[in-house]
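Subject: Structure handover, pockets

Hi,

Here is the structure for your pocket work. My notes on the pockets follow it.

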Amino acid sequence: MKHQANRVTTQDRIINIVFHVIAVLMIAMVIYPLWFVVIASFSNPADVASGEVWIWPKEWNLSGYQELFKQPSIWRSYLNTILYTISGTIVALVVNIPAGYAMSRMDLYGRKWINYFYLIPMFFGGGLIPTYLIVQKFGLYDNPLVMILPFSVSTYNIIVTRTFFQSNLPNELWEAAQIDGCGTFRYFIQFAVPLSKAILAVVGLWTAVGLWNQWFNALIYLRNEAYIPLQLFLRRILIANQSLLGAATGTMAQELRQLSDMMKYGSIVISTLPIMCLYPFLQKYFNQGTMVGSVKG
């Protein structure tokens with residue numbers, strides 16, 4: 001009977017093969033566009049336009065990267081983005097994680113009304129003009145802190161964090177800590193935070209990706225060129241190339257179009273490579289924390 005139960009039938013093998021083929025195709029559909037952008041950034045633009053580039057560059061060409069790195073402000077904007085991402089992620093964790101923990105406590109006074117206080121702005125915002133006026137009144141206009149402080153609170157991250165604490169920190173642990181004379185703040189620092197690596201990784205990764213790709217706030221609130229992030233800098237370069245392309249004719253127009261395409265592919269690689277390198281190290285915690293939020297959020 002045991003041998004029969006463990007026996008794999010021909011039908012099971014066929015189903016497993018079909019599922020594996022589907023999985024491989026889905027992975028290829030996700031990975032290949034990313035790989036194509038990478039090889040296209042190192043390829044001759046004429047080969048890319050003619051469809052001759054599929055798996056590997058037919059002819060190596062670094063003109064797109066050379067033109068990008070010729071820009072004098074690219075390294076400063078890159079450094080700005082790194083600083084905004086690191087400091088903004090730290091501030092977001094310091095703000096959202098304690099808020100989520102406080103919301104998870106059933107003995108929190110006024111918990112119901114605080115929930116409403118967080119949820120209503122999540123669905124109804126004041127709009128761009130009131131936000132602009134508030135930023136200006138607080139002296140954050142044309143201040144690099146505007147990329148970090150005003151938008152650090154995320155209701156969604158607080159809700160996910162609250163759900164994680166409710167699901168993973170048993171009340172018995174809190175009661176045992178109280179018997180040993182542990183207060184709320186000490187319990188949060190010594191017990192809740194060390195047991196919450198998954199949600200720290202999730203909130204940190206979400207925040208870091210958002211800050212790394214942020215350009216709109218910089219466009220609205222920053223005027224000093226020394227403060228602009230990488231994404232806004234690359235956007236300005238691409239817009240300037242499009243303007244030159246519209247004014248050019250003949251052979252010059254074709255050359256500018258090819259160079260513009262190379263710079264587009266290079267910009268994508270430059271702007272996404274750090275986050276893509278960071279994600280594999282946080283994938284385990286990211287999946288765990290996301291599942292917790294999706295089951296009971």
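First, the terms. On a 1 Å grid over the protein atoms alone, a pocket is an open set of points where a 1.4 Å probe fits, with protein on both sides within 12 Å along at least five of seven lines; lining residues have an atom within 4 Å of a point. Grid points are joined across faces, edges and corners, and a volume is the space filled by probe spheres set on them.

The model is predicted: local features need pLDDT of at least 70, side-chain atom pairs count only at pLDDT 80 or more, and totals for chains, interfaces and linings use all residues. Numbering runs from 1 along each chain as its sequence is written, and side-chain values use heavy atoms, without hydrogens and water.

Largest pocket:
- The volume is about 510 Å³.
- 18 residues line this pocket; nearest its centre are Pro121, Thr131, Pro150, Phe151 and Val153.
- Helices H6 (111-123) and H7 (128-137) each supply at least two lining residues. Helices are DSSP runs of H or I, at least four residues, numbered from the N terminus.
- H6 gives the most, with four.
- The lining has twelve nonpolar, six polar and no charged residues. Nonpolar means Ala, Val, Leu, Ile, Met, Phe, Trp, Tyr, Cys and Pro; charged means Asp, Glu, Lys and Arg; the others, Gly among them, are polar.

Second largest pocket:
- The volume is about 290 Å³.
- Of its 17 lining residues, Phe151, Thr207, Gly210, Leu211 and Gln214 are closest to the centre.
- Helices H5 (74-104) and H11 (197-212) give two or more residues each. H11 has the largest share, four.

Best regards
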